[in-house]
Amino acid sequence: MGDFNLALVIVAIVVCIIVFLFNVYLLVNYQHPDDVNQAYFPKFVVVFGLSIAAISILMLPADVANRQACRHAIYNGACNLTLPMKTLWLAIYIVDAVLVFFVIPFAMFYYEGDQDKSIGKRIKSALLWMVTTAIVCALILGILYGLIGKVDFTVRHLSSSTTSFPSSWGDLNSGQQCIGGSGVHQCSAYSASPSSEKTWTMRATFPEYVVALATIVGSVLFAIFGGVGIACLPLGLIFSFIRRPKAVITRSQYIKEATELGKKAKELKKAAESLRQEERSGSKGRKFRKNVKEVEKELFQLEEDVKLLEEMYPQGEKAETSWALTVLGYLAKLVLGILGLIVSVAWVAHIIIYLLVDPPLSPFLNEVFIKLDNVWGLLGTAAFAFFCFYLLLAVIAGAMMLGLRLVFITIHPMKWGGTLMNSFLFNVGLILLCSISVIQFCSTAFAYYAQATAAQEIFGHTLESLRGIKYLYKYNVFQIAFVVLAGLTFVYYAAFGWRRKKPSGRFQLST
């Protein structure tokens, strides 16, 4: 048993190192050339935040493995030699909350500060914003914790009489499971009156309460972005294949399109300079924010048009190889889209079958993971982790889709070799905030597979019994919103997904 626990610790350490190195690789390859050899603090926050998010997702499978480490123990106290998962959960999510509400906002305020100001003034301005945020968050948390930071558990008071030790067990059968006085053979749990139910109230610990509130905020974003993303992530890949360039264009067509794109780029630059002057004059009203949003959308679409034009007219000595790779890339999108669609349908079906129907029609994916574990010890755990990670990818895809269509959501695209640090920080904050909700969602959706884990104790019993919050989970508000938005997004893509996206402004690729 000790060897198994030691192996679990070694695996956990190795996985953490791999996650850290992979996030460094992502940062190096996705960062914008303007951020090379500078912005070191935001880069550290990005790598650290991504590592915390990835480790938090992997902790749920580790929690399941940790539970199994002492399942067949033959001596008392074997479970004391396993990982302290509850302490690790609370530590990870306290760090998560500090990053989301304090560190990442500070890094963004500092990075987006006026470059003409000195470093000291930018740090001072960012600290003022962060301290203001900290005070507001502390007041809200303190007031809520003092007023309603309690957990209400529904319990049943049971009592029974005593009787002499029986000389024979023949009287006990499936209809008479218990021994009772005066010939009564019903267990008190079955014969107890409804009035025996009581509410047991206790004060929640402050760390658990912080995790609970962060989960609520993340659950709102998760239900919206995740519900949209679970459909648009695979369908976007499939329809990208449908809208792919079918053939290489001629040189004259390329020159015509490149000239048009050059004109649009100049117009965009002029509009951006005008907005910058307007910002320096102190005008940041609703009209200004709307114009900024429009310029961002047009710039994003212009970059997509440039990329498409480069695909339609590959240049250089390896033009044919480049075109072949383009074709293979779109084929890969089709394959990944089909596989993703299968996973998305499985997720939505599991939510309906296991969570929304009472009693559940079937354990569904829970049984799949258990059977995979029977085939090979880590196979079910790996599949479990994949389904959790897929939800995070869906959240990012949903945020990108809504960001291109809603004025009040800022666009922060992730592009290979062209992602600025503020976009990195925004997406890391979104991932961190939603990762808590993804874990809570997965611990509920896979309660049969992840039973008796520390995650279920925190997210299942405490969170779902917290005063003022429990009704959101009792009536499956987030799950219903998730499924409804997934259905609406699927209908939207079925009706309009085959069309090529067009911006709402003047800057469009000529046809």
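Let's start with C16. At a relative accessible area of 33%, C16 is partly exposed. Keep in mind that this is a predicted model. Now take C388. Its relative accessibility is 0%, so C388 counts as buried.

On to helix packing. Two contacts, both involving α6.

First up, α6 with α12. Helix α6 covers residues 206-242, and helix α12 covers residues 421-445. Their axes come within 7 Å. They cross at roughly 95°. Anything from 65 to 115 degrees counts as roughly perpendicular, so α6 and α12 fall in that class. Who makes the contact? On the α6 side, V211, A214, T215, V217, G218, S219, L221, F222 and F225. On the α12 side, L430, L433, C434, I436, S437, V438, Q440 and F441. By class, that contact has 12 nonpolar residues, five polar and no charged.

Next, α3 with α6. Helix α3 runs over residues 85-111. Here the axes are 10 Å apart, and the packing angle is about 55°. That makes α3 and α6 oblique to each other. The crossing of α3 and α6 is left-handed. From α3, the contact uses K86, L90, Y93, I94 and A97. From α6, it uses P207, E208, V210 and V211. Sorted by class, the contact of α3 with α6 has seven nonpolar residues, no polar and two charged.

How values were computed: Residues numbered from 1 in each chain as written. Predicted model: local features only at pLDDT ≥ 70, side-chain atom pairs only at ≥ 80, totals over all residues. Heavy atoms only, no water. Axes fitted to C-alpha atoms, helices over the stretch in contact; angles between N-to-C directions. Helix = DSSP H or I, 4+ residues; strand = E, 2+ residues; numbered from the N terminus. Parallel < 35°, antiparallel > 145°, perpendicular 65-115°, else oblique. Contact = heavy atoms within 4.5 Å. Nonpolar A, V, L, I, M, F, W, Y, C, P; charged D, E, K, R; others polar. Buried < 20%, exposed > 50% of the residue type's maximum accessible area, 1.4 Å probe, protein only. Left-handed = near helix turned anticlockwise from the far one by under 90°.
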